[in-house]
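This short report looks at one residue, its contacts, and the nonpolar cores of the chain. Keep the sequence and the structure in view while reading.

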Amino acid sequence: MKTATNVNLILSGFIYFLILIQFQAFPQQIAQTVKGRIVDSDTEIPLPGATVVILDTDPILGASSDMDGYYRIDKVPLGRYDIKVSYTGFEPAIISEVIVGSGKEVVVNVGLKESLVQLEEVVIKAEIDKKQPINSMAFISSRQVNMEEARRFAGAFDDPARLVTSYAGVAAGNMNSNGIIVRGNAPKGVLWKLEGVEIANPSHFANLTTFGGGGISALSAQMIDNSDFYTAAFPAEFGNALSGVFDLKLRSGNRDKREHTFQAGITGLDFSSEGPYKKGKPATYLFNYRYSTFGLIKPLLPDNAGLITYQDFSFKTDFPTKKAGVFSVWGIGSIDQSGSEVDKEPSEWEYEEDRLNDDSRTSMGALGMTHKLIVGLNTMINSSLAVSGSLLSSEGTKMDTDKVLYDDYNIENSTLNYSFSSYMNHKFSAGHTNRTGIAVNFLNYNMLIEEAPEFKDPLQTYTDDKGSSELLQFYSQSRFNISELLTLNAGFHIQYFTLNEHYTVEPRLGLRYNFAPGQNLSFGYGLHSRLEMLFIYLGQQQTESGIIRPNTNLDFSKAHHFVFGYDRAIGENMNFRAEAYYQHLFSIPVEPGTSFSMINVDNDWTINQTLTNDGTGDNYGLDLTLERFMNKGYYFVITASLFNSTYVGGDGIERDSRFNKNYVFNLLGGKEWKVGKNEKNNTIGINGKFSINGGDRQTPVDDDATYQIQEVVYDPTRAFSEQKPGVFYLHFTLNYRKNNLNHASIWSFQILNALGAPEYFGYRYNYLDDSIDRDEQTIVIPNISYKIVF
C-alpha cells in the first residue's frame with residue numbers, strides 16, 4: 001500500500017506540473033536542419049545526386065546529395081515527417097517517424113539497395129518498412145533497433161534490451177533485470193557486438209541477478225545509432241550466439257556544429273556533447289557521461305535492495321581522411337556498486353536475506369579503433385582492433401543469532417579480451433554481393449569462486465584459475481538477388497576454441513520471395529553454437545590424486561534454427577508479420593543421472609560437477625505482430641507469442657525448461673499532440689504498454705528437507721514441474737517537449753510496473769512463522785527527469 005501511495009502522488013504531481021508548463025508556451029517561428037548522407041547499402045560508397053524529399057511539406061522541401069553523398073535541407077518546420085530517398089538504378093526508400101525539433105540538428109543517413117532493373121523499365125514503389133534491419137544480408141527474424149523508440153516506448157527506459165521486449169518472440173525476465181528470453185532461450189545465450197566487435201554484456205550490475213542480464217544498459221541512448229537485433233537464423237557473420245544478437249553501432253558526432261544535452265532526474269545525471277573538433281574540419285567527437293543513484297527511490301524498491309550506484313562513460317571520435325578511409329576511436333566504461341547490511345535484531349529476522357551482508361562491485365569496458373576503407377567502386381573493407389573486459393567482485397557473509405558473521409560466498413571473476421576483426425564487402429554485380437571476414441579473440445581470465453557448503457563451514461573452492469585461450473572465427477556469405485521477386489542469402493561460419501581444440505562448421509541459409517505487392521514469404525536456417533561462460537570449463541574438484549578440472553573438454557552448445565515468415569504491408573502505415581519457428585538444441589552440458597542442464601542455468605556460479613555434452617532441447621512457437629507506424633500523431637504495436645520450450649537433462653527425461661512461459665502478449669501505443677499558441681511548436685506525448693507474460697517454471701520444494709534445516713531445499717527429481725503465476729505489467733510514459741529558438745526543454749515521467757504487479761522468485765523459509773512462503777516482490781521504478789538540448 002505504501003508503494004502504491006507513493007507512485008500515485010508522484011504521478012498526480014507530475015501531471016499537474018505538465019499542465020502548468022503547457023500554458024507557458026509562446027509562439028515563435030522555429031525551424032530546423034535535416035541532413036545526412038546517402039550511400040550504397042552494400043559497399044557504403046557515397047551516391048552523389050540522390051534526391052531527398054520531406055513528404056507532406058507545402059511547398060515540398062528537398063535536396064540532392066553532393067559528390068560525397070551528403071545532403072542538407074534547411075528551414076524545416078518542426079514536427080514528425082516521412083523522408084523519401086531515391087537514386088537512379090537503386091530502390092527508393094522511405095524513412096518514417098523522423099522527429100524534427102529545436103536544439104539539435106536532425107541527421108538521417110540512408111543506405112540504398114541497387115536494383116536489378118532500371119527505373120525506366122519498371123516503377124519501383126518505396127514502402128515504409130522501418131522494421132527492416134540495416135544489415136543488407138539479413139531478412140528474417142531481424143529488426144532495426146531505433147533509439148527514438150527506446151525513448152518513446154513505454155517500458156523501454158532508454159535501454160535497448162528493455163526495448164526489444166516489445167517485439168514478438170522476446171520476453172522480459174523480471175523487473176530487476178534487463179535480461180531477455182528470446183524464443184524460450186536463456187538470457188546467457190545472447191551475443192552483444194559493438195562496432196563489429198564482441199563485447200561483454202554492456203549492462204550495469206551485469207550477471208549479478210541473471211547471466212546475460214543486468215540492471216540497465218551502460219550505453220546511453222544519446223550514443224547509440226540505429227542498430228540491428230536478431231532472434232533466430234542469424235546471418236553467417238554472427239558466431240558464438242545461441243538465442244539472439246544485438247549488433248550495436250555508435251553514432252558519429254555532428255560534423256558542422258557543436259551540440260550538447262544535459263539531463264537531471266531522480267535516478268541521476270546525464271551529460272552529452274558532440275561536434276567537430278575544429279569548425280570546417282571533418283574530424284568529430286561525441287561523448288556521454290552518466291552518474292546515477294537510486295537513493296531517491298529506495299522506498300519503492302525491495303527492502304533488501306541496499307545501496308545502488310552506477311556511472312558510465314562512452315565516446316566516439318571520427319577522423320576522415322582523403323585517401324586512407326575513415327578512422328574511428330571509440331570506448332565504453334562502467335562502474336557499479338550494490339550491497340546491503342544486516343539492520344535487524346536476530347529476533348526480527350523473517351527471511352534469510354535479513355541475516356545477510358553482501359557487497360558487490362561490477363565494471364566493464366571496451367576501447368577500440370575501427371578503420372573503414374573503400375577500394376575502387378565495388379569494395380569496402382572494415383577492420384577493428386579492440387580490448388574489452390569485465391569484472392565482478394561479490395562477497396557475502398551470514399550472521400548467526402549471536403551476531404557473529406561467517407563467510408557465505410566469494411566471487412572474483414575478471415576477463416580481459418584482445419580482439420581483431422575484419423571483413424570485406426564486395427559487390428560483383430547488382431545481383432551478387434559477398435561479405436567475408438575473420439575474428440580473432442584472445443581470452444584472458446582470472447577467477448576465484450568460493451562458497452560455504454553449509455552455514456559456518458569454511459569456504460569451498462569451485463573455481464580458481466588464471467590463464468588465457470583463443471576463439472578464432474571465419475565466415476563468408478553471399479546475397480544473390482535472383483530476380484526482383486526472389487533473394488537468396490547463403491553462407492557458413494567456422495569457429496575454433498583453442499582451450500580444448502573444439503571447432504564447429506555452421507551453414508546458414510535465407511530465402512525471401514516477394515510474391516505480391518507489399519507481401520513476401522521468407523525462410524531461414526542456421527546451425528549456431530556458443531561457448532558457455534568460461535568458469536564452467538574451469539570448475540575444479542578435489543580428489544585423492546589432486547585437483548582435477550572435469551569440464552575443460554566440453555564442446556560448444558549448439559542449435560539448429562528453422563524459421564518461416566510472412567510479411568504484409570497494410571496500407572502505407574501498417575504492417576503485419578508472422579513467424580513460425582523450430583529450434584533443436586543439442587550438445588548441451590548436463591550432469592549424467594540428474595535433471596541438471598545448462599539450458600536452465602540463470603545465476604549459479606558454483607558449478608563444478610562433471611558434465612557431458614549429451615543434453616538436448618526443443619523450442620517451437622508462433623510470433624505475430626501488427627504494427628501501425630507513427631502517423632497523424634499516434635501509433636500502436638500488438639504482439640502475440642505462443643511457444644513451448646522443453647529440455648532433456650542428464651537423466652534422459654523430457655521436462656519443461658525454466659523459461660517455458662508459453663505465452664507473451666503486448667499492447668503498446670501512444671499519442672502526440674501539438675500544443676502552444678498559434679505556431680503549436682511544442683508537443684505532449686502519452687505512451688503506454690500493457691503486457692501479459694506466462695510465468696517461468698520452477699522446481700517444487702522438498703518440504704521435509706526444508707523444515708529440517710530451516711532453509712529452502714528444492715526437489716531436483718521434479719525439476720521445473722511447477723509454473724509461476726502469470727504477470728501483468730503496465731508501463732507508462734508522459735513527455736512534454738518545449739521547442740525554443742536555440743534549445744529544447746523536455747520534461748519526462750516514466751514508470752515501470754505502474755500497477756505494482758507482484759513478481760515471483762521461488763520460495764523463502766519464514767523464521768518467524770516456521771513456514772515456507774512464496775518469494776513475492778513488488779518492484780515499481782519511476783523516473784522524473786528534465787532534459788535540455790542546445
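Asn619 lies in strand β33 (residues 612-631), where a strand is a DSSP run of E of at least two residues, numbered from the N terminus. The model is predicted, so local features need pLDDT of at least 70 and side-chain atom pairs count only at pLDDT 80 or more, while totals for chains, interfaces and linings use all residues. Residues are numbered from 1 along each chain as its sequence is written, and side-chain values use heavy atoms, leaving out hydrogens and water.

Asn619 has a relative accessible area of 3% and is therefore buried (under 20% relative accessible area, 1.4 Å probe, protein chains only). Its side chain takes part in these polar contacts (pairs of N or O atoms within 3.5 Å; within protein, one able to donate a hydrogen and the other to accept it, with residues adjacent in sequence counted only if both atoms are side-chain atoms).

| Side chains | Polar contact |
|---|---|
| Asn619 and Asn185 | 3.1 Å |
| Asn619 and Ser645 | 2.7 Å |

Beyond four places in sequence, Asn619 touches residues including Arg183, Tyr581 and Leu585; contact means heavy atoms within 4.5 Å.

The largest nonpolar core has 36 residues (buried Ala, Val, Leu, Ile, Met, Phe, Trp, Tyr and Cys joined through side-chain atoms within 4.5 Å). Val164, Ile180, Leu194, Phe229 and Phe246 touch the most other members. Strand β12 gives the most to this core, with 3 residues.

The mean pLDDT of the chain is 91; pLDDT is the predictor's confidence in each residue, from 0 to 100.

Terms used. Helices (H or I, at least four residues) and strands (E, at least two) are DSSP runs, numbered from the N terminus. Buried means under 20% relative accessible area, exposed over 50%, partly exposed in between (1.4 Å probe, protein chains only).
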